[in-house]
Every structure is written in C-alpha cells, then in structure tokens.
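My entries follow in the order I made them.

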Amino acid sequence: MLNTILFVLILGPFIAGALCFIIRSGHVRSFIVLAMGCLIATASIILFIKGPFSHTPPPLLGIPTHFLVLWGDDLLLFVMLYFAFKHGHLFTKILIIFQIVCLDYFELFMVDHTENFPLFFADNLSLIMVLIISIVGSLICVFAIPYMNKHEEHQGLKKSRQPKFFAFLVVIIGAMNGLVLSNNIIFMYMFFEITTLGSFMLISHDQNETAINNAVRALWMNCVAGAAFIIAMIWAYVIQGTVDAQKLIQAGHMGGIMLTPLALLCFAAMVKAAQIPFQSWLLGAMVAPTPTSALLHSSTMVKAGVYIALRFAPGYAGTFLSQSLAVSGAFAFLATSAMAIRESNGKKVLAYSTIGNLGLIFACAGINTPEAITAGILLIIFHAFSKALLFLCVGDIEQHIGSRDIEVMRGLYARMPRTTLIAVLGIVTMMLPPFGVLLSKWMAIEAASKHLFVILPLAVGSAMMVVYWARWAGILLSAPHGLKVEPEKQGLLTRFPLLVLVWGAVVLSLCAPLVYSKLVVPILSAPSFSIRAGIFENPTGTFLFYPVMLILALGFIYAVYAAKKARKARLSGPYLCGAQTTDPESFEGPMKKPVAVLSGAIYFESIFGNQKLTVWVNIFGGMLLALLVGGSL
Amino acid sequence: MDILKKLTRKSRIKSPWLLHFDCGSCNGCDIEVLACLTPVYDIERFGIINVGNPKHADLLLVTGTVNHRNKKVLVNLAEQMPEPKIVVALGSCGLSGGVFREAYNVIGGVDKIIPVDVYVPGCPPKPEAIIDGVVTGLEKFSKKKDG
Amino acid sequence: MIKGIIMVFIGVFVAPLLGGLIAGVDRRLTAWFQSRYGPPVWQPFFDVIKLFGKERMVVNRWLVFCAHVYITAAMLSVVLFFLQSDLLLILFVQAVGAIFLVIGALSTTSPYSQLGANRELIQILTYEPLIILAFVGIYLVTGSFRISEILVQTKPLLVSLPLLYIALCYALTIKLRKSPFDFSTSHHAHQELVKGFLTEYSGPYLALVEIGHWYEVVLILGLCSLFWATSWIGIIALVGVTYFCEILIDNVTARLTWRWMLGYVWPMGLAMGFVNLIWLHGR
C-alpha cells in the first residue's frame with residue numbers, strides 16, 4: 001500500500017509528465033493532467049490519514065535505488081550543462097561541472113551504499129507539505145489547462161509548446177513530493193536539482209529574450225544553491241559518515257563542527273527561497289505564464305527552501321547560525337515589504353510578498369522555539385492557499401484586461417465581479433484577523449519579541465504589508481457608482497480551482513485550532529499553545545480565535561445585510577465640487593467639455609522608489625548571508 | 001418611537017452643519033460669513049460647523065447671483081445634500097440678483113434655481129443677521145419631514 | 001463570569017458614551033484655547049443623533065458595508081481591552097476596522113476620498129510599528145502580552161518605558177487624528193481636501209464612523225492608562241495630562257506633509273522605542 005502511494009506521489013507526476021510530452025493531443029493532455037491531479041490529491045490524503053512513517057521501498061525494476069539516483073542526477077546535471085552551454089553562461093557551467101565532479105566522486109567513492117536506514121521518512125511536517133504540494137499544485141495545473149490555451153491564442157504560435165510546459169509543471173510537483181518525503185539527503189539533493197531544472201524550463205517557456213535571460217538567472221542562482229547543498233552534504237558525510245537526514249538532525253551541531261554544513265544547507269535553502277540578495281530570480285520568474293509563478297510561489301520550489309530550514313531547525317537550535325538566520329529572514333521581510341509598497345505591478349507585489357513571507361518563515365525557523373516553529377508551519381499552510389489563489393486571480397484578470405498593473409485594475413469590480421471578490425477575499429485572508437496568515441504572524445511576533453533585531457523589522461514590515469494589500473483591495477473595488485454589475489463568464493476549469501482555493505483558505509483558517517492541534521503539535525518538542533474553546537493561550541499571550549471570529553463574522557453578516565438594505569438608499573455621484581456632468585465620473589472642464597476624473601494611489605517613489613534602495617538592500621542582505629555562513633565556520 | 005423622533009428633531013436644531021457656496025458674489029457676503037466663525041461671533045457654540053462637503057451638510061448657505069455657468073453647480077450641490085436640508089440665500093444678490101440682475105449672463109436670485117427656505121437681506125448682511133437667518137432656518141427643520 | 005459580562009457591557013455601551021463625552025470636552029477645551037465659547041459638551045451626541053436621522057445616500061454599497069465592519073471591529077477591540085485580553089490581538093482587531101474604512105473610501109471614484117484613503121494608509125503605516133514596539137516593551141517588562149498581567153504589576157510601567165511612552169504618544173496623536181498628523185481627515189479643518197477619506201460617508205454611515213472613532217479614542221486612552229495602572233490617581237493623572245497635551249499640540253501645530261510625518265515620526269519614534277527596548281533587554 002505505502003509503496004503504491006509513494007510511487008503515485010513521486011513517480012506518478014513524472015510518468016504523467018512524460019505522457020504529456022509524448023502524446024501531443026490537447027484533449028488527452030488535459031485528461032492526463034486532470035487524472036494525475038485527482039490521483040495525487042487522493043494519494044496525499046490517504047498518506048496523510050495513514051500518518052507518519054519511515055520506509056524503504058523495494059528496488060524499482062530490480063535496480064538498486066542508489067544507482068537510479070546516481071544516473072538520474074548525472075542525466076539531470078548534464079541536461080543543465082547543455083543549457084548552460086546553449087546560453088553560454090560561464091558561471092553556470094563552472095557550477096554545474098563542479099557539482100558533477102563532486103557528486104560522482106561522492107557517490108562512487110565515498111558513500112557506503114550498504115548503510116541501512118529508511119529511504120523515506122515522513123513526520124507531520126512532510127505530510128503537511130505533501131498535502132499542500134499535491135492539492136494546491138494540482139489545482140494550479142488544472143487552472144493551467146484553459147489558461148495555456150488562451151495564452152497561446154494570444155501569442156499566435158504555430159506549434160504548441162504546451163506539451164513541454166505541462167510536462168515540467170507536473171514534474172515539479174513530483175519532485176517536490178520526493179524532496180519532502182526522502183530521508184536520504186542524496187535523494188533530497190536530486191529532487192532539489194529537478195526543481196531547479198523544472199523552474200528553468202518553465203520560466204524560459206515563452207522563449208523571448210527576457211524569458212531566457214530570467215531563466216538563465218534562475219538557473220545560475222539555483223545552481224549556487226545546488227553547489228552549497230552538495231558541499232554541505234559531503235562535509236556532513238565526512239564528519240558523521242551518514243546520509244541519513246534524521247541522524248544528521250538528531251546529532252545536532254555536535255559542539256559546532258556540524259555547524260558549517262548546516263549553515264550551507266540554510267544558505268542553499270535561502271537561495272532557493274529567493275531571499276535577499278537572491279530575490280531577482282523569483283521576480284524574473286514573473287515573465288512566465290501565471291501558472292508557473294503560482295506554482296513556484298505558493299506550493300513548490302520556494303517552499304522547498306523553507307522546508308529544509310524547518311526540517312533541520314532542531315539541528316542548529318540555540319546557535320549563532322540560528323540567530324543570524326532569524327535576523328536575515330526578518331530583514332528580508334522588511335526589505336521586500338518596502339519594495340512591494342512602491343510597486344504597481346500586481347504580480348511583482350505578489351512576488352515580494354511571497355519573499356517577505358518566506359523571510360518570516362526563515363525568521364521563525366531561526367528563532368527556533370516551539371512557538372516560532374508553529375508560526376512557521378502554519379504560515380506555510382495558510383500562505384500556500386492564499387498566495388496560489390491570488391496568483392491565479394491575477395492571471396485570470398490579466399487575460400481579461402491585458403494588464404497586470406494595479407492602477408489598470410481600478411474599478412475591476414464593475415467588469416469582473418466574481419474574480420474581483422475572490423481576489424479581495426484572498427487579500428483579506430493574507431492580512432486580517434481572524435484568518436490564518438495573521439494568526440501565524442501573531443505567533444511570530446510574540447515569539448520574536450525577545451529578539452530585538454527581529455522584532456523591529458517585523459513591526460515595520462508588517463505595517464508596510466498592510467498598506468500594499470489594503471491599497472490593492474480598495475482599488476479593485478473602486479467601481480463607478482450606480483453601475484449594473486453583470487457577473488462575468490468563467491470557464492469551469494478556471495472557476496473550480498479558484499473556488500476550491502478560496503474555500504480552502506477560508507475553511508482552513510476556520511479550522512486553525514484543529515490544524516494546530518492535529519497537524520503541528522506532533523512535530524513540536526513541546527506544545528507551544530494550549531487550546532481551549534478555540535482560544536490559543538500560552539504564558540506570552542492569548543488569541544481568542546473563535547470568539548473574535550464569531551463576533552467579526554456576525555458583524556460581517558450584519559454589514560452585508562445593511563449593504564443589501566442600502567439598495568433603497570438614494571444614489572448620488574461622488575463629490576466633484578458640484579461640477580460633475582450627467583456622467584458622474586467626469587466633471588465639466590473648459591469649453592464645457594467633460595473631463596474624466598482620475599486619481600492614483602501613492603506609491604512612495606520619493607522614499608522607496610529609487611534603484612539605490614535595491615542596491616543597498618542587496619548589499620546588506622548579502623552581508624547578513626555572509627555572516628550566516630561565515631559565522632559558523 | 002415618539003421620543004426618538006423628538007430627540008432627532010432637537011438634534012437637528014442643535015447641530016446644523018452648513019455648506020457655504022459662493023455663487024459668484026463680490027466676496028462681501030463671504031467675508032461676513034467667515035466673520036461668523038471667528039471668536040467674536042463663534043457660531044460653533046450653536047453646534048454649527050462649516051463643512052466643505054454637501055454630503056455632510058444640513059444647511060446650504062448661498063451668496064451671490066446665479067448665472068448660466070454656475071447654476072448647474074448649485075443644483076448639483078443641493079442634490080448631493082441628504083434630506084432634510086435648508087437653503088439660506090444671503091445678501092441682495094442671492095435674493096434677487098442685486099445690482100447684477102440686469103446683466104446678460106445673470107439668471108437672478110437663488111430661488112430661480114432651487115427652492116429657498118430663508119432669505120437674509122443686506123449688502124452685505126451683518127454677521128448678526130446671518131446668524132439670525134440660520135437660526136430661523138433651524139426652526140424650519142422641525143416642520144420638514146424626516147429623511 | 002459576572003465580572004466578564006459587566007466588562008463587556010462597559011465595553012459596548014459605556015465606552016462610546018465616554019468617547020462622545022471626551023470628544024465634547026475636546027471641543028470645549030479647543031474653544032477655550034482659541035478664546036471662544038464653544039459648543040456644549042454633549043454636542044457630539046447631537047451630531048450623531050442628527051446624522052442617524054438623515055436620509056440614506058450612498059455612492060456605492062461598499063461604503064455601507066465597510067462602515068459596519070469598522071464599527072464592529074472598533075467595538076470588539078474595546079471589549080477585548082476591557083476583558084484584559086492580548087494587546088497584539090487588540091491591535092490586529094482594531095486594524096480590521098481601520099483597513100475596512102480605507103477600503104470603503106477607496107471603493108468610490110471620488111478623488112478626495114481616494115486621496116484621503118491613501119493618506120490614511122500612510123498614517124497606518126506610520127503608527128503601527130510604534131504601537132507594536134510599545135507592546136513589545138510591555139512584554140519585556142511583564143513577560144506577557146496580556147493586559148491582566150500588566151494590572152498585577154506593582155511598579156508603574158512608565159518607570160521602565162518612558163521613551164516608549166513618548167513614542168506611543170506619537171502614534172496616538174496620529175490615531176486620534178490630531179494636528180500635525182491629521183491630514184487623512186481632520187476634526188477642525190472641515191474643508192481641507194474636503195474631509196479626506198470621510199468625504200463619501202454621509203448620514204447614518206458617517207454617524208457609525210463617528211461612533212467607531214469614539215470607541216477608538218477610549219481604546220487609545222485605555223492603552224495610555226496601562227502605563228500607570230497601579231493606582232487610580234495615576235491612571236487619571238497620566239491620561240488627563242496626556243490628553244491635555246494632545247489637545248494643546250493639536251491647537252498649536254500646523255499640518256505638514258506625509259513625507260514630513262513619515263520622515264519625522266519613524267526615526268524619532270523607532271529610535272526612542274528601540275533604545276528603550278535595548279535597555280530593557282540589557283537588564
């Protein structure tokens with residue numbers, strides 16, 4: 001049973017990807033993607049119900065698994081090397097060749113393959129990750145089916161590039177499942193590299209100059225992460241003589257000698273999660289079709305980074321590494337919030353907010369108390385749903401209005417009420433109580449309160465975050481008055497993922513106490529909160545979760561009722577000094593000509609707007625990373 | 001319910017927020033209106049606040065003659081005030097067009113465009129007269145039907 | 001349990017009455033500073049009752065929705081305060097209201113309302129970090145974010161948190177919409193950029209916003225009172241002096257730009273707060 005589920009979850013997407021690539025019919029491809037989505041979503045739920053396990057599957061087709069991994073790794077690295085040569089990027093070539101040499105030497109001459117330990121290990125953290133990856137990832141793939149058809153219509157391609165696109169889209173899901181389930185760090189490394197290649201292929205999908213440049217940037221940055229990972233792996237093996245992740249974590253930092261590999265792992269994780277100064281690859285990934293960005297940002301890829309940091313968190317608890325991880329995570333949170341506040345490009349706002357939230361998770365991993373770890377894990381869960389939802393909404397909006405600029409989305413409620421309401425709800429779940437993201441932020445702030453250099457960036461950053469979300473939500477709703485709003489048409493395959501995600505985001509938040517006690521508590525060394533009647537409580541603070549939710553919900557329902565009742569109220573145009581024409585959205589200008597009313601949001605160009613800020617942020621972020629690695633040497 | 005209605009009526013009299021619209025006056029009346037706000041006359045002691053927004057206003061104070069260009073603005077402002085509302089015309093020009101009533105572009109007094117409740121004569125009216133006009137207007141609130 | 005119900009009752013019914021009275025006193029004091037007579041102290045109640053009696057007029061129905069959410073959140077935050085709950089939770093619940101008010105203002109196409117809403121967002125941006133830092137300071141002294149833990153302290157918090165109290169006062173001046181930080185909407189300048197983000201709220205909906213503001217005033221003064229919660233005299237003296245200073249500052253300062261506010265309050269407030277936190281941390 002377990003073997004089958006693991007096979008479906010990890011290799012299933014690879015097989016589906018291969019089928020997508022080989023069979024060129026659009027209908028068959030849609031069917032394969034849908035079927036795979038249902039299959040892995042179901043499998044992930046079954047796996048979750050079965051609970052934590054450690055397991056070694058029998059060799060596939062009689063070949064020892066480590067051979068498969070070695071071949072797979074080599075094949076993967078050579079494919080990446082081919083692309084490095086194709087695009088003539090010297091640094092990537094060096095990094096990949098370095099990885100090939102190290103890996104082959106390590107695998108062939110150093111590792112003792114007879115060592116006996118479970119190849120797969122899953123505690124609740126892995127199971128949560130599998131659930132998120134499989135469910136949110138599948139929904140994004142489903143959304144991609146109609147999206148990509150439209151996307152290619154816009155481009156007017158002669159030959160569809162969809163087979164390759166879907167192949168890599170689903171392969172990334174499989175690789176992520178593999179990454180979070182494997183206990184052998186060589187496996188982890190392989191899956192880590194597959195996501196690198198997959199993201200490279202997906203970002204370069206449109207094949208124009210920006211796409212390729214950004215893809216190459218993503219490739220070399222992730223290769224830096226890969227190289228750091230491989231050094232960490234070999235270093236750890238030299239010290240401990242094992243590739244068993246659990247043993248490595250349990251051994252801890254061993255009085256400091258294990259710190260360097262752990263620091264390198266954290267470094268790899270932070271690059272993967274696009275932390276400052278490596279944020280540019282994730283921002284560049286925005287040129288790709290929206291499902292790519294949604295997949296990379298919400299459930300996979302960047303979450304691989306935070307997963308590794310949280311997974312190895314017990315290993316570096318109470319060290320300098322832990323503290324500097326917390327500080328650099330918090331700094332990333334602050335810096336990206338400041339950058340997001342000046343952006344009017346919707347997708348970039350989402351990207352910065354992703355990096356910021358990942359920074360917050362790193363900060364939680366660095367603070368390394370049960371409260372902080374709880375906050376980090378909850379943030380992974382809630383953030384995945386809300387962020388995937390927002391990305392898909394922006395993608396859908398972009399296909400309708402031809403722009404991703406927030407100012408162009410002004411008054412979108414009048415044109416696309418359904419999508420707009422879903423997007424606004426998504427935004428609300430990202431920033432306001434009693435929704436999950438804010439609950440986790442509350443935990444994070446309370447956990448960070450003893451760390452001055454963490455709390456200051458968190459306090460300032462979260463205020464900025466509120467500003468850019470609220471601004472966006474308001475602008476989406478700023479519709480001319482008195483307009484009859486007709487719900488827009490949405491295809492089934494577009495609406496289904498959106499609805500599932502928005503309900504997921506809301507319902508999961510509703511069940512936050514349950515999510516906490518059933519999912520998170522078993523991972524923690526000691527439960528961080530006691531829950532009574534939906535009230536989170538520990539010596540530091542109290543979050544009256546259900547009471548607050550109940551009252552706000554009542555207020556919300558009454559507000560909806562009042563708004564409905566206001567249908568009878570007299571409509572009046574906005575105040576325009578009495579100079580409005582018969583169209584209330586314009587006023588009478590010179591020569592009795594109507595002038596349209598325009599207003600724009602403030603984007604703080606004078607404070608956060610210059611490029612110098614990015615440079616300084618990158619320098620400072622780089623220094624913090626250097627501190628993180630250097631401090632543990 | 002009766003007591004609530006009474007209270008609302010009383011509050012209306014106690015808290016008139018006024019919107020002052022200069023409909024093309026020579027600024028003589030406007031200066032007198034502003035004089036009402038100064039510490040000497042201090043109309044805030046009656047709860048009167050000079051607001052800039054018809055949506056918050058109860059009392060529209062119009063100075064100056066109405067002409068073809070600004071009649072629309074006057075109508076718009078009056079329309080954007082929620083009921084119940086009072087219109088007070090100030091000064092000779094607001095009442096009838098004053099010395100400008102013969103001009104080719106002038107329509108005449110405020111009441112040619114919107115219904116006026118109180119007329120305050122004078123060129124310009126004294127602040128005492130303006131306050132008196134406003135207070136007279138307040139009594140009309142009790143006769144207006146509820147909004 | 002009975003105590004809890006009484007506290008909820010105070011939070012829901014007494015707090016707005018108190019807030020309205022404070023607003024009346026504020027207007028009276030301001031008139032006195034300006035050598036005027038001023039309206040009666042219960043003037044705010046007349047204003048609100050009158051507004052409730054006015055015709056309902058809307059630009060769009062989002063405004064109605066947002067005004068109701070605002071007052072719910074404001075009420076809830078005050079109730080949580082009286083129930084001696086978690087300070088951060090109170091801040092977050094209060095933020096729900098503040099943000100929905102802004103979203104409502106942004107939902108109209110009126111340029112005044114839009115501009116006011118953007119400025120209000122900047123005000124939120126300015127005060128929120130300071131309030132969080134003040135709460136962190138309280139945590140470092142008492143070891144908890146719960147108000148109930150503050151009330152069992154034997155030494156006034158003001159002794160350990162003087163700089164943070166000043167930083168908090170900056171934030172509260174913004175939150176109370178007092179000059180020089182009242183440019184999203186102002187109590188006095190009723191015509192400056194036409195009432196800012198409240199431009200399109202009218203009639204009963206404006207009344208709701210006004211009552212919501214009373215709740216917030218009570219919450220803010222309540223937060224101030226925590227800094228000398230060891231005795232009633234301390235509470236009254238501290239809150240009285242603070243509020244008197246707020247009104248005085250309100251009357252003697254001119255409104256400047258948001259750039260000035262951000263560039264002045266953040267460095268001053270954050271620096272003072274941080275220095276205070278460092279010395280607490282060092283103990």
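I began with Lys175(C) and Glu216(C), and both are buried. Their side chains meet in a salt bridge, at 3.3 Å from N to O. I noted that this pair links distant parts of the chain, with Lys175(C) in helix H8 and Glu216(C) in helix H9 of chain C, 41 residues apart. The model is a predicted one.

Next I looked up Arg255(C), which forms a salt bridge with Asp182(C); their closest N and O atoms are 2.7 Å apart. This pair also links distant parts of the chain: Arg255(C) lies in the loop between H10 and H11 of chain C, Asp182(C) in the loop between H8 and H9, 73 residues apart. Asp182(C) counts as buried because its relative accessibility is 2%, and Arg255(C) counts as partly exposed at 26%.

I then turned to the strands of chain A. E3(A) (residues 530-532) and E4(A) (residues 535-538) pair in the antiparallel sense over three bridges. They form a hairpin with two residues between them, and Ala533(A) in the turn has a positive phi of about 50°. Phe536(A) in E4(A) is the bridge partner of Ile531(A). E4(A) also pairs with E5(A) (residues 541-544), antiparallel, over four bridges; a hairpin of two residues joins them.

Arg532(A) is exposed at 57% relative accessibility, whereas Glu537(A) is partly exposed at 26%.

Last, I recorded a positive surface patch formed by Arg24(A), Lys86(A), Lys159(A) and Lys164(A).

Terms used: Residues numbered from 1 in each chain as written. Chains lettered and ligands numbered in written order. Predicted model: local features only at pLDDT ≥ 70, side-chain atom pairs only at ≥ 80, totals over all residues. Heavy atoms only, no water. Patch = residues over 30% accessible without salt bridge, like charges linked within 9 Å, V, L, I, M, F, W, Y side chains within 5 Å. Areas by Shrake-Rupley, 256 points an atom, 1.4 Å probe, with all protein chains shown as cover. Salt bridge = Lys/Arg side-chain N within 4 Å of Asp/Glu carboxyl O. Lys, Arg positive; Asp, Glu negative; His and termini not counted. Charge placed at Lys NZ, Arg CZ, Asp CG, Glu CD. Pairing = 2+ DSSP bridges. Buried < 20%, exposed > 50% of the residue type's maximum accessible area, 1.4 Å probe, protein only.
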